Amino acid sequence: MLNLSLREVARATVPVRGEVSADDPMWQGAGVDFATPVAVDLQAQAVGDGVLVRGNLHAIVNLECRRCLATVSREIGDEITLLFDELPEGEEEEESGEIYPLPARGDELDLSEAIREQVLLRIPLHTLCRTECRGLCSMCGADLNVTTCNCEREPAPSAWDALKDLELD
């Protein structure tokens, strides 16, 4: 599904539409819990010696709130632009990271690695279930959004505490 025929792209704009399921081997090792398949709606066209791929990606992922560890569903999606071109000889990767290499041989262009990268870059590292999330009690682990706990809080140590015991003559 994420393979393009370079011969077709050389003749006309080629649509790439479909869904990549959450259990697709492409996501193996990514550590992402997809709530929906990743919807792919792209157009590929020849540009000079390369291939330009533009379109949209969309999915819903399940993440953990960074304060209370509740499961939070977040929509990810964005417009993407990918350029596949022949890299100069001896260069394995473009330093800017904006150009993906065309296959040296063959008639197929596999978009899966570039799509995987673009999706993973759009998943937030940290998320909150809501902005006023109170998190978990550091003593007993109670969810402070749901209940209150009776843990006694010790004041946090301060850099000025050492001056309390200082005796001045």
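Predicted model: local features only at pLDDT ≥ 70, side-chain atom pairs only at ≥ 80, totals over all residues.
Residues are numbered from 1 along each chain as its sequence is written, and side-chain values use heavy atoms, with hydrogens and water left out.

Start with helix α2. It spans residues 112-121. Helices here are DSSP runs of H or I with at least four residues, strands are runs of E with at least two, and both are numbered from the N terminus. Which residues of α2 are buried? They are S112, A114, I115, R116, Q118 and V119. Buried means under 20% relative accessible area, exposed means over 50%, and partly exposed lies in between (1.4 Å probe, protein chains only). The areas themselves come from the Shrake-Rupley method with a 1.4 Å probe, and for residues only the protein chains shown count as cover.

What do these buried residues pack against? Their partners are the strands β3 (33-34), β4 (38-47), β5 (50-64), β6 (71-85), β7 (99-101) and β8. An α-helix has 3.6 residues a turn, so residues three or four places apart point the same way.

Now look at M26. This residue sits in the loop between β2 (14-20) and β3. M26 counts as buried because its relative accessibility is 11%. Set aside its neighbours within four places in sequence. M26 is then in contact (heavy atoms within 4.5 Å) with L2, V20, S112, I115 and R116. M26 and R7 are 19 residues apart in sequence, and their C-alpha atoms are 25 Å apart in space.

E113 lies in α2 and counts as exposed because its relative accessibility is 55%. E113 belongs to a negative surface patch, together with E8, E108, D110 and E117. Strand β8 (108-110) and helix α2 each give two or more residues to this patch. How is a patch defined? Its residues have over 30% relative accessible area and no salt bridge; like charges are joined within 9 Å, and nonpolar side chains (Val, Leu, Ile, Met, Phe, Trp, Tyr) within 5 Å. Asp and Glu count as negative, Lys and Arg as positive, and His and the chain ends are not counted. The place of a charge is taken as NZ of Lys, CZ of Arg, CG of Asp or CD of Glu.

E8 comes from another helix, α1 (residues 6-11). With 41% relative accessibility, E8 counts as partly exposed. The C-alpha atoms of E8 and A30 are separated by 32 Å, although the two are 22 residues apart along the chain.

The surface also carries a nonpolar patch. W160, L163, L166 and L168 form it, with about 520 Å² of accessible area together. L168 is in the segment after α2. At 74% relative accessibility, L168 counts as exposed.

Next come the charged pairs. Side chains of opposite charge can pair when their charged atoms come close. A salt bridge here is a side-chain nitrogen of Lys or Arg within 4 Å of a carboxyl oxygen of Asp or Glu. How many turn up in the whole structure? The search finds five. One of them joins D78 and R122, with the closest N and O atoms 3.2 Å apart. D78 lies in strand β6 and R122 in the segment after α2, so this pair ties together parts that are 44 residues apart in sequence. D78 is partly exposed, at 38%, and R122 is partly exposed too, at 24%.

Another bridge links E132 and R130, at 3.8 Å between the closest N and O atoms. E132 counts as exposed, at 52%, while R130 is partly exposed, at 36%. D161 pairs with K164, and here the closest N and O atoms are 3.4 Å apart. D161 is partly exposed, at 29%, whereas K164 is exposed, at 65%.

Finish around β6. G77 lies in this strand and is partly exposed, at 43%. Leaving aside neighbours within four places in sequence, G77 is in contact with L57 and H58. L69 lies in the loop between β5 and β6. Its phi is near 65 degrees, a positive value in a residue other than glycine.
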